[in-house]
Amino acid sequence: MGGMNTESLIRTYYQLFNAKDVSGFLELLTDDVIHEISQGGSESGKGTFGRFMEHMNRCYDERVYELAVMVSADGSRAAAEFMLDGTYLAQDGNLPPAHGQKYTLRVGAFFEIEGGKVARIANHYNMKDWLRQVG
């Protein structure tokens with residue numbers, strides 16, 4: 001599989017997420033990465049994911065901790081569960097207005113790995129809980 005092993009890849013992905021290092025983060029993805037958004041649609045392409053991350057970083061300040069990573073025997077699939085602390089910085093579309101609300105969520109993420117890079121990421125969290133916390 002070349003490059004770093006799957007667990008290291010996923011842990012590095014979240015280290016770069018926490019550091020808001022979008023360019024380093026994108027280097028871990030395949031060019032045609034598929035991003036399945038929690039309670040949303042699916043997008044593809046590294047450029048599209050980069051624009052999504054820039055939007056998220058404008059609207060939210062988030063930090064991952066208590067990261068647990070599980071990897072399939074062949075390294076082609078991984079799952080992560082973690083806690084996410086956030087601050088809602090700027091109103092995101094038709095979501096409630098932002099005024100620095102703090103929130104904490106438990107998040108699950110699923111990964112498909114190809115050639116040592118993330119080819120698909122699907123994030124899942126409880127949107128009703130988030131709305132309750134920022135409302």
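How many bridges join strand β4 to strand β5, and in which relative direction do the two strands run? The legends below take up this pairing and its surroundings in a predicted model.

**View 1. Pairing of strands β4 and β5.** Strand β4 covers residues 77-88 and strand β5 covers residues 102-114. The two strands run antiparallel and are joined by eleven bridges. Met83 has Arg106 of β5 as its bridge partner.

**View 2. The six-stranded open sheet.** The strands follow the order β2-β1-β6-β5-β4-β3, with mixed pairing. At the edges are β2 (42-44) and β3 (60-71), each of which pairs on one side only. From one strand to the next, the twist averages 20°. Helix α3 packs on the sheet, where α3 touches β1, β2, β3, β4 and β6 (117-124). The direction of α3 makes about 55° with that of β1. Helix α4 (residues 127-134) also packs on the sheet, touching β3, β4 and β5. The direction of α4 makes about 150° with that of β5.

**View 3. Helix α3.** This helix consists of 14 residues, 46-59. From first C-alpha to last it reaches 20 Å, close to the 20 Å expected at 1.5 Å a residue. Its buried residues are Lys46, Phe49, Gly50, Phe52, Met53, Met56 and Cys59. An α-helix has 3.6 residues a turn, so residues three or four places apart point the same way.

View 4. Arg11 is 25 residues from Glu36 in sequence, and their C-alpha atoms are 19 Å apart in space.

**View 5. The largest pocket and its lining.** The largest pocket holds about 570 Å³ of space. Its lining is made up of 30 residues, and those that lie nearest its centre are Phe52, Met56, Glu62, Asn123 and Tyr125. Elements giving two or more residues to the lining are α1 (6-19), α3, β3, β4, β5 and α4. Which element gives the most to the lining of the largest pocket? Helix α3 does, with six residues. Phe52 and Met56, both among the residues nearest the centre of the pocket, are also buried residues of α3.

Definitions and conventions. Residues numbered from 1 in each chain as written. Predicted model: local features only at pLDDT ≥ 70, side-chain atom pairs only at ≥ 80, totals over all residues. Heavy atoms only, no water. Helix = DSSP H or I, 4+ residues; strand = E, 2+ residues; numbered from the N terminus. Expected span 1.5 Å × (residues − 1). Buried < 20%, exposed > 50% of the residue type's maximum accessible area, 1.4 Å probe, protein only. Pairing = 2+ DSSP bridges. Axes fitted to C-alpha atoms, helices over the stretch in contact; angles between N-to-C directions. Contact = heavy atoms within 4.5 Å. 1 Å grid on protein atoms, 1.4 Å probe; cavity = no way out; pocket = protein on both sides within 12 Å on 5 of 7 lines; lining within 4 Å. Points joined across faces, edges and corners; volume = space filled by probe spheres on them.
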